[in-house]
Amino acid sequence: MGDDRGRALHVLVGHPSWVLACGFSPDGRRIVSSSGAVRVWDAGSGQSIHILKGHTRAVAACEFSPDGHRIVSASFDGTVRLWDADTGQPLHVLAGHTARVLACGFSPDGRRVVSVGDDKTVRVWDADTGQALHVLQGHTGWVWRCGFAPDG
């Protein structure tokens with residue numbers, strides 16, 4: 001690691017407000033971050049590659065798919081969105097939550113998306129079609145985090 005340990009390599013400038021989430025692509029070459037919009041960055045240069053616009057309120061969560069070709073984002077506007085990570089183009093709007101969506105994520109094989117939020121539901125979606133597959137109910141309060149087991 002040498003002299004780079006603990007030293008900032010880049011400052012990624014562009015979000016006008018708080019950054020609520022960020023993460024690396026599986027190959028480590030890109031970074032995704034969210035605030036009012038979702039941004040994709042080149043990890044090597046620190047330059048902005050894409051600004052993913054479509055959410056109308058703060059974006060609470062974002063992450064790359066396991067293959068690195070898609071991004072999922074969850075917003076206080078009540079939607080989850082899927083994006084093409086290579087072009088920045090929108091793929092699907094996953095609508096069904098009735099309040100803020102606080103977290104989202106891909107299954108290990110990238111075929112499913114899970115999302116949770118203030119409406120006290122956990123929702124599972126088909127990542128290829130954007131169709132709702134399951135609505136899990138029964139929580140008595142907001143659901144803050146979600147994820148899949150390693151075996152999906």
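# Notebook: an all-strand predicted model

I began with the secondary structure, and the protein comes to 0 helices and 12 strands. The model is a predicted one. Reading from the N terminus, I noted the order of elements as β-β-β-β-β-β-β-β-β-β-β-β.

**Overall dimensions.** I looked up the radius of gyration next. The protein has 15 Å, which agrees with the value near 15 Å that a compact globule of 152 residues would have. The C-alpha trace spans about 50 × 35 × 30 Å along its principal axes. I then checked burial and found that 43% of the 152 residues count as buried. The protein exposes about 8,300 Å², and carbon and sulfur atoms supply 52% of that area. For contacts with a separation of 6 or more, I recorded that 40% are accounted for by residues 24 or more positions apart.

**The sheet of β1 to β4.** Which order do the 4 strands of the open sheet take? I read β1-β2-β3-β4, with antiparallel pairing. β1 (21-24) and β4 (48-52) are the edge strands, and each pairs on one side only. On average, neighbouring strands of this sheet are turned by 15° against each other, direction ignored. I followed β1 to its partner: β1 and β2 (residues 30-34) pair in the antiparallel sense over 4 bridges. In this pair I found A21 opposite S34 of β2.

**Nonpolar cores.** I listed the largest nonpolar core, which has 12 residues: A61, V72, A74, V80, L82, L94, V101, C104, F106, V113, W125 and A127. Elements that give two or more residues to this core are β6 (70-75), β7 (79-84) and β9 (101-106). β9 supplies the largest share of the core, with 3 residues. Apart from this core lies another, of 11 residues, and I noted A21, C62, F64 and I71 among them.

Not counting residues up to four places away in sequence, F106 touches E63, F64, S65, P66, R70, I71, V72, L82, R112, V113, A127 and F148.

R112 stands opposite D126 in β11. The hairpin of β10 and β11 has 4 residues between the strands. K120 lies in this loop, between β10 (112-117) and β11 (122-126). The phi of K120 is near 70°, which is positive in a residue other than glycine.

Is K120 buried, exposed or partly exposed? I put K120 down as partly exposed because its relative accessibility is 36%, and the partly exposed class lies between under 20% for buried and over 50% for exposed.

For β11, I found 5 of its 5 residues buried. I checked the faces of β11 separately and both are covered: V122, V124 and D126 are buried on one side, R123 and W125 on the other.

On to the next strand: β11 and β12 (residues 132-136) run antiparallel and are joined by 4 bridges. Here V122 stands opposite L136 in β12. The hairpin of β11 and β12 has 5 residues between the strands, and within this hairpin I noted a positive phi near 80° at G130.

Methods. Residues numbered from 1 in each chain as written. Predicted model: local features only at pLDDT ≥ 70, side-chain atom pairs only at ≥ 80, totals over all residues. Heavy atoms only, no water. Pairing = 2+ DSSP bridges. Axes fitted to C-alpha atoms, helices over the stretch in contact; angles between N-to-C directions. Rg over C-alpha atoms; globule rule 2.2 N^0.38 Å. Buried < 20%, exposed > 50% of the residue type's maximum accessible area, 1.4 Å probe, protein only. Contact = heavy atoms within 4.5 Å. Areas by Shrake-Rupley, 256 points an atom, 1.4 Å probe, with all protein chains shown as cover. Core = buried A, V, L, I, M, F, W, Y, C linked by side-chain atoms within 4.5 Å.
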